[in-house]
Amino acid sequence: MKYGYFDDQTREYVITNPRTPVKWINYVGTLGFGGFVDHTGGLLLCKGDPALNRITKYIPQLPGSQFKGQTLYLRKRSSAGTQIFSPLFVPTLDAYERFECRVGLGYTQFDTEFYGIRSQISIFVPKGDAVLVQEISITNLGSEAVEIDAVPLLEYTHFDALKQFMNADWVPQTMMSEAHEDGAGRKILAQFAFMNRDQRQTYFTANVAASSFETDRRVFLGDNEYGTFQRPKSLESAELSNTLALRGDNVGALMLPLGSLAPGETKRFVTLLTQQEGSRTESLARARALFEKYGRHETVASARTAMGKDWDAYLGRVQVNTPDASMNSMLNVHNPRQCYMTKNWSRDLSLYQLGFGGRGMGFRDSSQDVMGVMSNMPEEARELIEKLLSVMKSNGSAMHQFYASTMVANEGDSREYEDRPNFYGDDHLWIVFAVCAYLKETGNLRFLDQVLPYYEKDKHGAPREQGTVLNHLQRAVDFTKSNVGRHGLPLLGFADWNDTVNLKTGAESLFVANQYGKALLDLIELFEFRGDHAQANRYRADYEHMRGLVNEYAWDGEWYVRYFDHDGSPIGSKKNAQGQIWTNGQSWPVISGFAPRERAQRALDSVNRLLNTPNGIKLSAPGYDGFDPEKGGVTTYPPGAKENGGIFLHANPWVMIAETLVGNGDRAFEYYNQINPAAKNDVIDTYECEPYVYAQNILGNEHPQFGLARNSWLSGTASWVYQVATKYILGIMPGYAGLEIDPCIPKAWDGFSVRRRFRGAEYLIEVTNPEHVSKGVQKLVVDGAPVAGNVIPAFDDGKTHSVQVTLGALADTGEQAAQ
Ligand code: GLC
């Protein structure tokens, strides 16, 4: 293992070599108070909003060796002299005897050895309190006594994250620091921008005595900042200068003399960072109360245990045991953890999405993210669904993005083009899938009757119109039905899921046509379940109508066309020199059930032949080679990158779903496996990103750096891969009447097992595959009794039920493809 390994027992990924190709990060806390920690201790922290209330200065574009946001220095004195180093490797870059960074669930923990000193540092944000806790133990592994000083250091940013980089006079004129004594020699450093002096301050402390402090970066580094973070001049003196910065670049550093450590002796301390509202007196009092609480090691330990229990509850709802170890690591820990983070952070803040305020929550993004946490936290998912429904417009379309703290929404990039539509063809349809997924997971059909607003407001800011949840869903499909182009196919609007293809007004989208088909299928199923056959039939007619149009106009011979341009010409056809075939153009007609079996098979074979690579399926081919303002953003990338023929991972699980729908378990799993980051160890120097989360994109084979991944963590890939793996490959699919079991696995598997909680009961599902098929439930036994069909009833009795599933060849029913 080149940079680390999975520790499935502790549910951690352990990085053992800090020189990873790019920084690998982990999230701590929530958007309410939190951010990310990188694997060398760098910290980006914010409260409530990464654009408008950022706390530490983390500049991702700096090289990996550079200080970012925070670090810890140790100063060791022994008979051999003095050594100053960081146990986090960065920024001093000393040779280490051991390096271990454990990427855990809600925490990151370091365990390193430098110069015979072992440092254990655990970083997390306890649930319910806005405080970053770092618990630090220093052990002398040598054979003589040593003196240790610890110097934790933070660098602050202006709260307005973008202003920090836009004005190098105003910002520094406003930044200021204060220091307070806290009994027993402890110090509390305060920091704020002048305009926030009387309403909001950040506080930093340690639970042990500090002999001095520093708040001015210039003084800390020394020599007019020709001193460096690698070798700060101030650490050459016995004490820090106690300077109170009243302008300039503010830092917070505490000199913590730990005293003498005998061989084998350990000393422990805690550092705490919080931000509080109110006057300085009020907020300091609140900070002191928090510091008092988390200054006790017992509180820190119990907060860590409580956090672990929350993760147990979240992950415990679905646990799998398959013949594939990487799949198990991902499905039991890392993939649902990523889903949790995407639901929480949307596309706001990561190492790649820098949280400067452009985006907020994306309507389509969050509608898909909620499906990734549906099995594990359905009620939290519903809360976000309610927000999404409330930013739908009364015509059934949706506002493209919104800020969760204010619920102010906007039309996204479409605002920049006056001659283009300001709706996105796809946004509103995603919410149909999300709501139906919630209904099936929980059985709470009353949710459909809940009344929620539409987005338009009157002059008092009150919603002009409201409607039930069901009414929102019906308006969503009606919007698509009534906004069609010259072939009768749905209008693209400003864009569909592929944000970067922005065609002239009048263009039609086959993606939306199929998404509409799938939304109609979901509504038909819902109305049938409610016994409303008339409604179901009405939607069935709409479904058949669209199915007819798609097959009449969009079949290109070997695959389906992806768009019709404003003048009716196809994009994604063999007639095009570039952008001939598009992945989403093939997976979605199978998902919608529009593609007849023969076309479904052929379209998927075309994907396999023309778009698949060992690193994943490309979004399209060949890539556009040169900027074309008519096509927009997609042509800003070189061929092979991102949406221009790159491996856009989000679209891969849709092909896997399609393959399971046609019964091709071997191919579905091959596609699953080839993008599984946990299986990337051998190519990690090419791939570069974290092996424990999905990235958004990998460079395709038209690009010289084929295989390079970027934009890890905040991607819809997390939600869809989790869904495809659990619901389509392992085939445990929540339905209205119960859990539907319909696996589609590699033929070579002997079977697998899943433990799943569902509507107040637990199911231990054992699947065996004696005939080595991919699909087909031959026998279902629940609690020892055979059950006809493949649905396990929703018992809702608080008990554990055993389920035996036997797969085997079924008599061919000669059915059409897909649904
Ligand atoms: C990004 C966007 C998402 C879009 C995708 C494809 O992931 O967040 O909304 O669908 O790119 O363009």
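**Backbone exceptions worth a look**

In this predicted model, Pro 91 sits in the loop between β7 (81–85) and β8 (101–103). Most residues other than glycine have a negative phi, and most peptide bonds are trans. Here are two cis peptide bonds and two positive phi values to find in the structure above.

**Cis peptide bonds**

- Pro 91 is joined to Val 90 by a cis peptide bond, with omega at about 10 degrees. To find this proline, look in the loop that runs between β7 (81–85) and β8 (101–103).
- Another cis peptide bond links Ala 621 and Pro 622, and its omega is about -20 degrees. Pro 622 lies in the loop between β31 (620–621) and β32 (647–648).

**Positive phi in residues other than glycine**

- Ala 184 has a positive phi, near 50 degrees. You will find Ala 184 in the loop between β13 (175–181) and β14 (187–193).
- Asn 711 also has a positive phi, near 60 degrees. Asn 711 belongs to strand β34, which covers residues 709–712.

**Buried or exposed?**

- Is Ala 184 buried or exposed? Ala 184 is exposed, because its relative accessible area is 66% and the cut-off for exposed is over 50%.
- And is Asn 711 buried or exposed? Asn 711 counts as buried, because its relative accessibility is 9% and buried means under 20%.
- Taken together, Ala 184 is an exposed residue in a loop, while Asn 711 is a buried residue in a strand.

Definitions and conventions
Residues are numbered from 1 along each chain as its sequence is written. This is a predicted model: local features need pLDDT of at least 70, side-chain atom pairs count only at pLDDT 80 or more; totals for chains, interfaces and linings use all residues. Side-chain values use heavy atoms; hydrogens and water are left out. Helices (H or I, at least four residues) and strands (E, at least two) are DSSP runs, numbered from the N terminus. Buried means under 20% relative accessible area, exposed over 50%, partly exposed in between (1.4 Å probe, protein chains only).
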